[in-house]
Amino acid sequence: QVQLVESGGGLVQAGGSLRLSCAASRIIFSSTMAWYRQAPGKQRDFVVRVTSGRTTYYADSVKGRFIISRDNAKNTVYLQMNSLKPEDTAVYYCNPNPTLAYWGQGTQVAVSS
């Protein structure tokens with residue numbers, strides 16, 4: 001069964017932190033997993049990816065503030081988000097990289113100023 005379940009979102013003040021989790025079914029927990037986000041009225045954008053060897057690549061907008069990690073035994077990828085800004089407000093999704101046609105429901109992150 002193909003499944004991606006994101007969790008951990010919420011409402012936080014600017015400067016705060018959140019930790020997102022994404023549980024993936026084994027069949028799609030890929031060698032490279034990534035987080036993406038979609039702000040209201042905008043396209044879905046790449047945020048960060050991590051390879052099976054734990055090499056990471058961050059979008060410039062989150063570099064130095066977000067940290068991606070993975071637990072291969074649990075088929076789970078995490079996103080620690082620090083120093084959050086209002087412009088980080090979006091629905092956050094995880095997916096392999098390159099992406100599948102299937103997407104989970106995402107988790108909403110709202111950052112108030």
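Select Lys74 and Thr76: the backbone oxygen of Lys74 lies 2.8 Å from a polar atom of the Thr76 side chain. This is a polar contact (a pair of N or O atoms within 3.5 Å; within protein, one must be able to donate a hydrogen and the other to accept it, and residues adjacent in sequence count only if both atoms are side-chain atoms). The model is a predicted one, in which local features need pLDDT of at least 70 and side-chain atom pairs count only at pLDDT 80 or more, while totals for chains, interfaces and linings use all residues. Residues are numbered from 1 along each chain as its sequence is written, and side-chain values use heavy atoms, with hydrogens and water left out.

Stay on Thr76, which belongs to strand β8 (residues 76-81); strands (E, at least two residues) are DSSP runs, numbered from the N terminus. Thr76 is buried, at 9% relative accessible area. Buried means under 20%, exposed over 50% and partly exposed in between (1.4 Å probe, protein chains only).

Next, the aromatic rings. The whole structure holds four aromatic pairs. Rings of Phe, Tyr and Trp (its six-membered ring) pair if their centres lie within 6.5 Å; planes under 30 degrees apart count as stacked, over 60 as edge-to-face and the rest as tilted.

Select Tyr36 and Phe46, an edge-to-face pair at 6.0 Å centre to centre with 75° between the planes. Tyr36 lies in strand β4 (residues 33-38) and Phe46 in strand β5 (residues 44-50), so the pair ties together parts ten residues apart in sequence. Tyr36 is buried at 6% relative accessibility, whereas Phe46 is partly exposed at 27%.

Move to Tyr93 and Trp103, also edge-to-face: 5.8 Å centre to centre, 85° between the planes. Tyr93 is in strand β9 (residues 90-96) and Trp103 in the loop between β9 and β10 (107-112). Tyr93 is buried, at 11%.

Now show Arg44, whose charged end sits over the ring of Tyr93, 4.6 Å from its centre. The criterion is NZ of Lys or CZ of Arg within 6 Å of the ring centre and within 35 degrees of the ring normal. The charged end of Arg19 likewise sits over the ring of Tyr78, at 4.1 Å.

Last, select the lining of the largest pocket: Arg37, Ala39, Lys42, Gln43, Asp45, Phe46, Val47, Ala59, Ser61, Val62 and Glu87. A pocket is an open set of points on a 1 Å grid over the protein atoms alone, where a 1.4 Å probe fits, with protein on both sides within 12 Å along at least five of seven lines; lining residues have an atom within 4 Å of a point. Strand β5 supplies the largest share of this lining, three residues.

Methods: Helix = DSSP H or I, 4+ residues; strand = E, 2+ residues; numbered from the N terminus.
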